[in-house]
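Trainee: I have a new structure to read. Please take me through its features one by one.

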Amino acid sequence: MSLLLTAAAAAQPAEPVRLTAGPHRFALRPGAPAVMGIINTNPGSFSDTEHLASTEAQLAKALALVEAGADIIDVGTDSGVAHGQPIDLDTQIAAAVPLVRELTARGVPVSIDTPQLAVAEATLEAGAAMINDVSGLAEPRIAAACAAHGASLVLLHTRVEHKKEAFLAFDDVVADVEQLFTERIAVAEAEGLAREAIVLDPGLGYAKHPHDDVDVLRAYPRFAAYGLAILTGASRKYYAGVITGAEPPERLPETLATVEAVRPYPGFVRVHDVDEVSRYLAVMETLEGLRELPEVDTSLARLKWVTPVG
């Protein structure tokens with residue numbers, strides 16, 4: 001076992017972290033993160049390999065992600081790419097609300113990736129169960145809106161404005177993450193949001209140099225000490241590309257490595273490659289006794305390397 005996982009094992013709580021998100025209940029166990037699939041209603045995401053222009057296409061893709069193992073769908077309404085043109089709020093709402101309604105009508109938990117109060121309020125009204133606030137709660141009323149709708153809130157660590165590109169020079173990036181978490185949890189609670197409705201996101205890649213991301217990943221035992229669920233944006237990260245030289249569309253192994261690094265800590269992994277990540281987790285969780293081995297059908301030839309002839 002690696003030193004990272006040895007330290008993680010010592011930090012794991014005995015009980016799962018429980019999270020209420022609208023009508024949904026998550027029991028998040030060490031070693032078995034929930035999978036958050038990604039659907040963007042905007043055309044500007046840097047990680048997407050396809051753009052789905054219609055609600056019908058977005059719904060079909062979201063349902064396919066659920067079938068592949070996603071436990072919750074995160075809907076992006078405006079790309080965080082710094083050089084992209086901002087999308088006006090009415091357009092964001094008009095695109096997101098129909099998709100949220102379709103998914104919630106089918107019982108699918110929905111998170112909304114937005115720093116905008118108007119977008120948060122409209123999608124919560126439509127049934128969103130979580131707001132993934134990528135601003136670090138720059139607008140405290142988002143916490144109040146979540147509280148009013150019984151939704152959960154993701155607090156992401158960032159020190160720059162939305163859509164602003166920057167690599168900040170941190171004296172101690174881990175201490176800065178902890179400082180923001182402590183401050184913003186207090187702000188959210190002051191707005192009426194229960195502490196147990198809060199999810200923490202250390203913000204990999206958000207105004208951080210690759211060495212900052214590595215430091216943050218190594219410090220997860222400190223973030224787990226808050227006793228809250230942790231959301232990790234694990235997909236195709238720049239830091240991992242720096243290590244391996246792989247370009248973003250080719251970073252599935254790097255995504256799996258990031259998932260493995262944070263797997264000991266109860267929470268969510270936000271990924272594009274839902275099928276591959278879900279299969280990886282199924283194997284690891286079975287090996288560690290967190291799942292039972294499925295019933296074996298030895299007549300199923302397609303699962304074998306060598307099949308009988310004739």
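Mentor: Start with residue classes. Ala, Val, Leu, Ile, Met, Phe, Trp, Tyr, Cys and Pro count as nonpolar, Asp, Glu, Lys and Arg as charged, and the others, Gly among them, as polar. Here the lining of the largest cavity has 7 nonpolar residues, 2 polar and no charged ones.

Trainee: What should I know about the model itself?

Mentor: It is a predicted model: local features need pLDDT of at least 70, side-chain atom pairs count only at pLDDT 80 or more, and totals for chains, interfaces and linings use all residues. Residues are numbered from 1 along each chain as its sequence is written, and side-chain values use heavy atoms, with hydrogens and water left out.

Trainee: How many cavities of 30 Å³ or more does the search find?

Mentor: A cavity is a set of points, on a 1 Å grid over the protein atoms alone, where a 1.4 Å probe fits but cannot get out; lining residues have an atom within 4 Å of a point. Points are joined across faces, edges and corners, and the volume is the space filled by probe spheres set on them. The search of the whole structure finds 1. The largest cavity holds about 30 Å³.

Trainee: Which residues line the largest cavity?

Mentor: Pro33, Tyr220, Ile230, Thr232, Val262, Tyr265, Gly267, Phe268 and Val269. Now the elements: helices (H or I, at least four residues) and strands (E, at least two) are DSSP runs, numbered from the N terminus. Strands E9 (229-233) and E10 (267-271) each supply at least two lining residues. E10 gives the most, with 3.

Trainee: How many aromatic pairs are there?

Mentor: Rings of Phe, Tyr and Trp (its six-membered ring) pair if their centres lie within 6.5 Å; planes under 30 degrees apart are stacked, over 60 edge-to-face, the rest tilted. The whole structure has 5 such pairs. One of them is Phe26 with Phe268, edge-to-face at 5.3 Å centre to centre and 75 degrees between the planes. Phe26 lies in strand E2 (residues 24-28) and Phe268 in strand E10, so the pair ties together parts 242 residues apart in sequence.

Trainee: Are Phe26 and Phe268 buried or exposed?

Mentor: Buried means under 20% relative accessible area, exposed over 50%, partly exposed in between (1.4 Å probe, protein chains only). Both Phe26 and Phe268 are buried.

Trainee: Why is Ala219 counted as it is?

Mentor: Its relative accessibility is 8%, so Ala219 counts as buried. Ala219 sits in the loop between helix H7 (210-218) and helix H8 (220-224).

Technical notes:
1 Å grid on protein atoms, 1.4 Å probe; cavity = no way out; pocket = protein on both sides within 12 Å on 5 of 7 lines; lining within 4 Å.
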